[in-house]
Structure formats: C-alpha cells, structure tokens
Amino acid sequence: MKKIIFGLLALCGLQAQAQNPAPALPQAKSIVLTGATIHVGNGQVIANGVVAFDKGIITAIGGPATTVDRTNAEVIDLSGKHIFPGIIAMGSTIGIQEIASVRATLDFEEIGDMNPHVRALIAYNTDSEVIPTLRSSGILLAQAVPQGGFISGSSSVFNTDGWNWEDAVLKKDDGIWLSWPAYLSRSFNYDDYSITVKKNEKRADIIATFETFFADAKAYADVENPSPVNLRLAAMKGLFAGTQNLYVRADYAKDILEAVKFAQKFGIKKVVISGGSEALKVADFLKENQVSVVLGALHRLPGRQDDDVYAVYELPAKLHKAGVKVAISYDDEWWRVRNLPFQAGSATAFGTMTSEEALAFLTLNPAQIMGIDAQVGSLEKGKQATLLVSKGDLLDMRGNVVEHAFIKGAKINLDDKQKRLYQKYKEKYGQE
Amino acid sequence: MRKLVWTLVGLLAFSTLSMAQQTFPRNGAYDERPGRYAFINATVVVDPQTTLEKGTLLIENGKIVEVGPSVRIPKGTFTIDLQGKFIYPSLLELDSDYGMPETKSEARGRGRSAQQMESSKKGAFGWNQAIQPEMQAAILFTPDTKKSADLRKNGWGTALVHPHDGIVRGTGAVVTLADEPANAVLLRAQASAHFSLDKGTSTQTYPGSLMGSVALLRQAYYDAEWFAKGGKAIETNLSLEAFNQIKSLPSFFETTDKLGILRAADIGKEFGVKYIIKSGGDEFQRIEEVKATGASLIVPLVFPATPDVEDPWDAELVTVAELKRWEMAPGNPAALAKAGIPFALTSQGLKNKADFWTNLRKAIDYGLSKEKALEAITLTPARFAAMEDQLGSLKKGKLANFLITSGDLFSADNIIYENWIQGKKHVVNDLNAPDLRGTYDFSVKGLSPMSLKITGKLNKPEYQLILNDTIKITPKTSVSGELITLSFQPDKKTPGTVRLTGWLKGKNLLGEGELSDGTPASWTATFKEALVAETTAAKKAETTSEMGTLLFPFVGLGNETKPVSETILIKNATVWTNEAEGIVQNTDVLVQNGKISKLGKSLAAPGGARVIDGTGKHLTNGIIDEHSHIALLAVNESAQSSTAEVRMSDVINSEDINIYRQLAGGVTTSQLLHGSANSIGGQSAVIKLKWGEAPANLLMPEAKYIKFALGENVKQSNWGDIARVRFPQTRMGVEQVFFDHFIRAKEYSDSWKAYNALKNKATATAPRRDLELDALAEILNKERFITCHSYVQSEINMLMKVADSLNFKVNTFTHILEGYKVADKMASHGVGASTFADWWAYKMEVKEAIPYNAALMAREGVVVSINSDDAEMARRLNQEAAKTVQFGGISEEDAWKMVTLNPAKLLHLDSRLGSVKAGKDADLVLWNNHPLSIYARPDFTMIEGAIYFDYEADQKKQEKLAQERSQLIQKALSSKAGGASTARPEGRIPRMWHCEDMSGFDSVHSHD
C-alpha cells in the first residue's frame, strides 16, 4: 500500500513538472528597473533609463535622473540590458491551435461562410504549451483570430499569461474579420502541380452577397429589440457603432480600394487592412482615409517572379514613409510567432528608418489599431507595465534573449516545455 | 504479247499502291488505270535547292517517272498546262495522330485516390501500363476522310502517325492522306518508335513524377536488353519482346520544353539512341545546350497569342518572361537554322491547321529562309522518318505527292489548287477558276448604271455593286468555272431582288436575268481595270525591328550574359575562415581561376583584377543548404515504398527564380532532395546555384546521396483513410522495408560480383540490371550516402541499428528534431545531423522538437548543420544559424559553420567547399554586416570566382526590367490594336516544394 501511494505521488510529481508554469500572481511590490536602454515603443530611446511600476501600472519612466520612490521597492539593476514594451502579435491563431495535423487541437475555423458570431475569446486555451515559448521571444500580447469562410468571426486580445480566458483577455471581441474575395484567384493544376492565377470570376457574386449581408446587418442594428433574433446580424452591431474594427483580409491593390470603399458605404468607421501585400500601390488612398495596414510576415517570398528579391522586406518602411500606419503580424500562425520581432529587424535592415520606428510596428501601432493604446503599446506613465528585458537587440537573433518579462507588473515565469526538455537532456549528457 | 509486258510493268509500278489490293475481289469490271499525267510549263520546285522554270513533271501509277526542263511525254499521257503555276512536293507531318483512336485521359481526380500498384492491362505484357512497345499504329489506323481533307487542304500529303499515349508508345506508321482505303494509303507499318515521359492514360500509380518516368523508361531499356540476352528463357513478356523489335527504328521522343530536350537527349546518350525530339518551341532560349546534344528536332509552329494587357490590373499578371517569349517565339525556327540544328516543322498543337501557314510566314519574316522552311516541311521530315526514297522531293521514282499552287508557297496570297497524292488528284481550289478581280462598268437593262468591284483573294473574291458614294450593295454571288450568278436588292427599303445569270467572255461578263417584277433584263459587266495589289510592307515593320535580348535563364531577372570566373581581390575585410585562424580582421582574399588563391594582408592586385573594398564588411563562404527542394520540377515519387531508382538530377529546373533569390541570401550550394513520401526515396542532386547555366552545369555529380524517410509521412499517417494501401503503415513496417530492400540489394550485388568474376561469360546470363538495387548496393558498398528524414528517437535509433547490422553508416539524419534525445548514440554511430533551427508543433511527431536541439547534438560531438527545406527560409539561413546562439548559446563561429563547413562535411565536399582557404572553390559572400545578424545581406555572392549576385547591379537590373516591361506592354497593346488575337493573362506559379508535398494536398500548416 505504501508503495502504491509512493507511486501515485511520483506520478503527480512528474505531471506537475510537465505542466506549464503557473501564471504570475498580481504585482505585490513596487519594482524599479534601472540602468537599461529603454526602447519606449513610440520611436524614442532612453539611455541608462529608469522605469518604475506598481500595482501593474507604470509610475515613472525616464533618464537616470528620474526620481522614483524606492522605499519597499524591488530595484533591479539592468546595466547593459534592453527594455522593450511587450510585443503584440496581431492576427494570430495563438491559443486556438496546438498541433496542426491533429484536428482535435484545432479551434480556429467554423463551418459556414458568414460567421461574425463565432468568437475566438472562449476557445482561447491559456494552457497551450506553445504560449510560454512565445513569451521567451517577447510576445506578451496576442490577438487570436478565427479563420476561414468570408466572415470568420470575432477576435480578442489576450495577455500571454493567465489562468483562463477571462483572466487573460485584455480586450474582448475587438473586431470582425472579413476575407475580401481576391481579384485574382488561384486554381491548382493537377497535371503539373502548379498554380494558375487568373481573374476571379466569382468575385462579383461574392461581393453581392456581402452587400446584402451588410445591408441586412445595418438595418438590424437600427432596431432596438429585433425579432426574430439573428445571432449573425447581431454580432455585426459593433461595426456600425464604431466600437469594433472591421479587419479586411486583402492583398491586391484593387481589393484594398474596393474593400475600404465598401466599408465606408456602410458607415463602418474603423477599417483595418490585413495582408496588404500591394498596399504601397494605394498608399495615398490609405493615408487619406486613415486606414491602417497589418502586414503579414516579412519572411516570405516575393509574390511575382519579376519582383525585386527584397521587395517584401522593403515594404513596411516604404509604407510607413508614405504616411500609412503599419503593424506587422506573423500571419495566422501560432508557434512561429516567436519570430515576430525579427520581422521588424528585417524591416529595419531593408528600409530607410530606425529600428525604433520598426519596433513601433509591433508595439504602439498595433495597440492603436486595436484600441488598447491607453493600456499597452509603449512604456509611458499610466500605462500597464507589460514589458520585457532582453540581453540585447530584441529584433535580432543575436540579441533576442529575454531575461525578464512583466505583464501588468506581474513577474512572468519564463520557463516552457522546450526549456524543460533542454534541461532534462543537458542533465542526461552532463552538459553545461 | 505486248499487252502482257505492259501489264507487268504496270504491276511493278503499282507495287505499293495496288499490290495491297490485289487480293481483294472486285465488284464489277476491273478498273486499273495507268494514271499517266504530264504537268508542263510549271515552275517545278524539285527540292529546296532545285527549281525548274518551265519544267515538266511526268507521273505514272502514283510515282514520278520523270522531272526536268524537257521531258519526252509518251503517248497516252494526259497533259496539263500549268503556265504561271508552281509545283511543290507536298508536306509530311511527323507528329500526327491522324487516324489514331482518341486517347481519353482520365482526369486525375481532385484529392488523393487509392493507389493502383499493378497494371490493369490484360495479357502477357510488362508490369507497367505506360510502357507499351507492343502498340502498333498500323493496326490502330483507320483513315478519317474529314481530317484528311483538312490536312490536304493545307498542303500535307503524308503523315507519320502514332498513338500519343504513354512513355513507350510502340511503333508509328507512315500513311498518305489520299482519299483511299487503309490498305492503299499505308506506306510503312513499323516505321518508327515513339517515346515520351508522359504516362498518358495509364491508371497505374507508378510513375507519379517526371523523374519516375525517366527511371521507368531507363529500366525498360535495361530490361529489354536482359530479356534479349537470356531473360526470355526466364519469363514471357510480350512488351519486352516488342521493345527489342522497335529499338532499331527511327526513334521519336516527345517533350514539351527546352529542358525536356536536354533530358531526352541524356536518356538517348545512355542507350546509344539519337532521338528525333519533338520540342516545345522555346529552344531558342537554350540554343547552345540544345545544339550540343546533337539532337534533331520536330518543332511546333505554335506561337503565344498576344497577352491582353489592356487592363492595367490584368497586365500585372504577365511576367516579363512571358512577354519576351511572345515577342521572340516566332524567331525560334530562324534561331535553329542559324545554329545549324536539323529540324522539321509540325502543325501539332495548332487548333486550326491553316494557322500553320500564317505562322510559317511569320517565322520567315523573323529570319527563316524559304529554302530552310521548305526543307523543314518536306525533305527533313522525310529523312527523319527514313522515307527519303519515297517522299520529300520531286525526284524520279518517288511517290507522286505534290502540290499545284498559284505562286510561291510561302507568300500570303498563294493558293493551293490541287494536292496530288500517290498520283491521285485532290482538288482544293479550282485550278481553272478565272481571276475576275477588278473594276467593271455594270449595267442591267432597266436599272441605273453601277460599277462592280471584285476584290479579295483569288479563291475568295468579294463582290460589291456601287451605285454612288452612298449606296453600296453586296450581291449574293456564285461562280462555277466561267459561269456566274448574281442576285441583289437594288433598294434596301423596297423588297425585291434582281436575279442574274451569266458567263465570262474575254475579260467581260454578260448574261440574262430578271428584275424584281419579273421583267427580263440582259446585263453586262465591262472590265475597266485590274485590282491594285495591297502592299504588305506596313505589316513587316512591326516584326523584327526592336527585338529584345535573350536572358539566361529566360526569366525577367536572368542574365544577359552568363557570369564568368574573374580575378578578384577583396581588400580589408573581416574574414570568417572556418579554419584554425578563426575570424580574421583586415584581411585580403585573392580569387583566381575559380579558386581562392591567397589570404593575407596588403595583397597586390594582379593585372586586370576586379578589386572590391571589404572595409567594414564580412567575407564568408557561401551558404550550403543541406536540405532544399528549389529548382526542381517534381519532388516525390511516392508510388512505391522504395524508389531508389529515381534521380533528382533528371528534374533540375535551372530556370527557377528561387535560385537567384537565394543567391541574394548568400546561398551557393544546395542539396536538392527527394521528398519524404516513402521509406526509400530518390537520389539527390547537389547543385551550385550558377544562375543562368543549364541543369548539367549546376550539378555536382560527385556528390552521391539518396533520401530516406521515417515516421508519419512514410506510413502515410496524415493523408486520410484513403492512404491505407501501401506498406508500411507503422514504424514497425518501416524497419522491415529497409531490411527487405537491403538484403535484396546485397544478393543483387553478390550476383553481379559472381558474374563479373566468371572467366567465360558467354555461356552465362548476366543478372538483370536493376536501377533501384544499383542505388541500394552503392549504399552497402559505401559509394552512395543516406540523408534520412527523421523525427522521433525510436526510429532514429532503429535506422542506425539496421545500418550497423549491415555494416554501413547512415550519413546524415535530416530534420532529426528528436536527435537531442539520442545524440550520444548518433555520435558513436558517426552520423551527422541537419536540422531546423526552431520548427515544431506542426504534427504529432514534432511535439517534442526543441530549438536547443542543434546545440545539444553539437555538444555531444555530432556534426550539425542547419537547413531550410523551404525556398523562403533558405534565403536567410544565416539568421537560422544565429538562432543556435539565441537558443543554446553556441559560439558565433560555430554557429556560422552550421550553414557552411558542417553541411560541406555532411556532403563530403569539405575538401572543396566550406572554408576560406587557399585552393578551395571561390564560393564566397561579402556581407554588408555581421553575417549572423538580421541586418545583413550580401553585397556580392560568387561561385567559383564568377559573380552571380551583385547588390548594386541587382538594383540596376530592377530598373531595366521595369523599363523593358513597359516597352513590351506597349508593343503588346499595339499588336492588339493591329488586330492580333490575344489571350487573357494567366499567372502560373510553380509549386514551392517541400518534402511532404505529394500532389499539393499538404495542409496549410504541415510544413517540412
């Protein structure tokens, strides 16, 4: 009997070890970080800076002369290190998929074409083993986005630490995701396995169904107690009220123009383009209409054979210089999002702008686009203390080693499954 | 007695024509006729070199009896005066399916279908449905009067026909297009052998790829040889028996593009066959390489339609390569002629056969001489089909196959009047039709005088009645010989038709008729003046004047000239040597004759050297990607568990833009691997990224590797329930696949050793050459090395144990994401690892993959490289290497080796590649920043001292490309405005291969 109990205990012990680390407890004590280079997220840099936060909120930030109350505070000297705001991953499937080939772990795509009513919010799995690995590259905020259909559903924004989705969520149902039918459609050739791209013949029909759907939704939104109740139409309400974003997935210039004009026609105030490969061709239009663009990963191939080999890398800076608000996402990916900081690195390498400007594509700009810039996105007094400490340049593999992370001032456990396996086998081989 | 002699002569003369019919009973009286005709006063084009003005052609019994300036015309000859007309030999079509049964290709369904492992063909034939040497066009042939009339109308008299189906297609037959029964028109039954790499209607799963087709065809040659040398005593195989019979015939090989020609010629070289290769019409883009094969070609006259670029949105779909091809393709035949490549022209691929002439005239406008053009449609095809004794020119003794035309065969207004085949007349246009074209005074009694204008082509005149400037009437007209009818409505508003009949008298027309009210009315049309010929000069202007230049390869970012090795001195750079010296500052590196010749301080530049300032820059080796699938036309041959016989070198795509993109990321060498769909995949091709060179010049043949695979892909775990046919379905089965194949390979190798040791080989039968077992035996004999796709520790361990038990080593595990769990075992086996920096979570077997893998393995003593398996990742492998610093704290110097020296070691190329050392290949990259940094990109990437990527030149190239694009678009717009037929633009994106891709059904996220 004793043996059995022992066995059980051992099992429990093992299991505990295989679990994700516990979410951080709320900040109990004031923290002051000193000596580091602070990358504010809005384009500014503070050398040998000081940042103090208490109860999750930044209370002071500035140069070495900044006065802060250090009584009862935990003061951490970070000389030679770098402080960054938490990186924000827009447009992802973080928390709603785990292992791509195992259907049971996929929760991002519903049946049907028009699903504004399905919500990433409630499927977001805080216990995903992927999420802790992302924190180690600086991803402290993630937008989880439903995929598929024409209207995929509504997204929500989460802190990448939390006991459950209610605990983790920063902004619920921040926007509805619409896939604009591409001007050019792709079809697969079974003979030579190539892809043919030609004018999308079904496009007009699809847009016609959008017209009807949005017209019906707008009419529905005007009625206080509509009957019969229609969940799909009801979910669209926030778009017309201006409380939610309409995210439109569009890459071709013509699609971008058309989608924005479409949204304007229905009085939708907040339109965001996601994808935007050809956004540069309509940059003036986007600027004039104050439409932001969430670009996909830069680490992809140029779209056309004749494109400049570096065209994709050069796009964010060019768009930014043209006056368009730019964010960079890592497409609809999940584990790969840990490479998001490097997208801004590439944007810097191939653009005429500073790495601080590129950093804003991952911090302040996405926060503004999603309407969470009052809380996060840059390191400013009064905002949440969601920030990290890196050994070097976060945007470069050579420097991206995250040593501390705080979400709302709470100190995050940076352990993850991969680090545990590393440790386990280092011990096996006696490496150090 | 005299009569008897005559009959005998007649019989002999009819040898081909009527002997076939001798055995047939006649219904009614015999109707044999000598068919003796003389054509006099014609311009007789005997062959491309010989033209007789006012010549005579004498034919009898379907053959040419005499041709010359003065021919004695025997009595009993019907003489036809062809004053002003021309006689040409008729055309021979070499690539025809005339009279063949329609080949219905079953549309490959959407989605995967269950595998068919065996042939469904009934009978004692070979194992594969695509190998059908037993097929005979002569047996399948049925004349088709509708099709033959269409071909005759356009000038063809004979055709070499074969069923266009399968890889070995059996024999072709030469038939004439005379309107006669099969027995009369079939000239030669077993005339030719036909091949392709297209499996056609075969429903069998193998081969499922281009390299599989090559392997299958090669194996068929070897099997046939074995069969002839004794195999026939062991098995009955009607296919192999037939194969041996057709091997000596003129062999035709159908391909679709320039690389296909090179591929076919390579196969021919292996088996001593000079194929006559049907091309795709784009060989002008690789003319030197095509010429070097020594192959003869059958060239289609299909030119791309003008891209419709009127809508600027649409225009973006069109690549510069497509625009340039459209611009330059009509010059293809001229380019071939200039290069001295023997070629025939075919109408295959043209929906409308009349376009053949339009396009041939275009080819002539683009520089093809008329003599060459005539040769390519008459004499050359006859020679290719070994039918010169009967066809191709108007020489005495040949078949009386000829055309009577109004003029020069190639002029736009030429009319083919008659097409004589085997001495039988087929009228295309009335030879005696008078030329009525001109202006006439037209008067009908009771109507106002008008003028009649007859314009248009001689065989298609257009009629117009002109009353005054505003009233013009088009009458309904029919002409038959010298008789004419006209009917018209004089006043559009009032119904009522004037109906006239008449005839030609001298140059005038006259006759009778009645007005709309029935009043009889006589009429006359008095000839006033002849038609003024329209000039065609304007049309010529658009063609050849401003032709673009060739590019190598033929894509927008190709080179105008192929880069060549230079003497280069790089001054004052930070040099990552990968040698004991480590990273050295302020160092010069001299490159000469494609090699690194010297490293040092303040080196002097030899005369003519290009000096590059490396101050503040980093000079390294070119990156070597151990696991790549770029520059390939196919990646998986997944029809069987082992496809060791297939070679990636057969499907290298030297025109892939990703080669250039990767040069721009510092890559110089890539191992192009087979996919991971089966346990034993195909043989790799290791290439250098020499952008512009053809496949053979990219290949490093000394690197002999083969892809193996383990885990979910080979057991088909993620392909749905349909993939439950092929063995193995578990990791248990995978092990047995290896044992089974290696044991067979060992037995095979032993049997060859035994045979080779025999003193008297004459009495023994050689073992059957087996390409699959050849490759596996090479592994056992340590001449070929394994790169094995692998994920979890159990299977990694398993393969090492299999190898140990058979006394060989696994060379490299690729992916190897759980290698860290058995790194100690790997180190002691001596296997290397080529892995991803940080991939995981895309399937079950990578759920424990960690980015610290490379570091853990390296520290255990395993040679580790970081690879891409992805066209995108490969262009920033320097960054992937940097991740081993980020995760696992590898030193930067060692991290850099993981994409240079270590893969060179894994490929056994480290004596040539992988470090900056005097004597090694000058495959170098000059980086503008620390090479492991996200901020780095190459200033220069060179291979063997030739600069293949130059950042500044690339910027200029972009500008030039944009310019050329806009010029071509303008040209296309004016071509459309000029009435050219257009095609809606369609972009074509070649597949980006990863090793799991079977048929494009990989899910979005399953990568690798």
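This is a predicted model: local features need pLDDT of at least 70, side-chain atom pairs count only at pLDDT 80 or more; totals for chains, interfaces and linings use all residues.
Reader: What makes strand 21 and strand 22 of chain B antiparallel partners, and how many bridges join them?
Author: Five bridges join strand 21 of chain B to strand 22 (residues 483–488) of chain B, and the two run antiparallel. Strands pair if DSSP finds at least two bridges between them. Five bridges meet that cut-off, so the two are called a pair. Val479(B) stands opposite Ile484(B) in strand 22 of chain B.

Reader: How are strands defined, and how many does chain B have?
Author: Strands (E, at least two residues) and helices (H or I, at least four) are DSSP runs, numbered from the N terminus. Chain B has 44 strands and 26 helices.

Reader: Why is strand 42 of chain B called largely enclosed?
Author: A residue is buried if 20 or more other C-beta atoms lie within 10 Å of its own, exposed if 12 or fewer, and partly exposed in between, with C-beta atoms placed from the backbone. Five of the five residues of strand 42 (residues 946–950) of chain B are buried, so the rest of the structure largely encloses this strand. Across the 1008 residues of chain B, 51% count as buried.

Reader: Which strand pairs with strand 42 of chain B?
Author: Strand 41 (residues 938–943) of chain B does, in the antiparallel sense, over four bridges. Ile943(B) stands opposite Ala946(B). The hairpin has two residues between the strands, and Glu944(B) takes a positive phi near 50° there.

Reader: What shows that domain 2 and domain 4 of chain B touch?
Author: Two residues are in contact if their C-beta atoms, placed from the backbone, lie within 7 Å. By that rule, 12 residues of domain 2 of chain B are in contact with 15 residues of domain 4 of chain B. The side of domain 2 that touches domain 4 has six nonpolar, six polar and no charged residues. The C-alpha centres of these two domains lie 31 Å apart.

Reader: What makes up the side of chain B that touches chain A?
Author: The contact takes 59 residues from chain B and 43 residues from chain A. Helix 23 of chain B gives the largest share of the chain B side, five residues. By class, that side has 28 nonpolar, 13 polar and 18 charged residues.

Reader: How do you know where confidence in chain A is below 50?
Author: From pLDDT, the predictor's confidence in each residue, from 0 to 100. The mean for chain A is 94, and 95% of its residues reach 70 or more. Residues 1–16 of chain A fall below 50, and this stretch has zero contacts in the model beyond near neighbours in sequence.

Technical notes:
Residues are numbered from 1 along each chain as its sequence is written. Chains are lettered from A and ligands numbered from 1 in the order in which they are written. Ala, Val, Leu, Ile, Met, Phe, Trp, Tyr, Cys and Pro count as nonpolar, Asp, Glu, Lys and Arg as charged, and the others, Gly among them, as polar. Domain bounds come from an automatic or database domain assignment.
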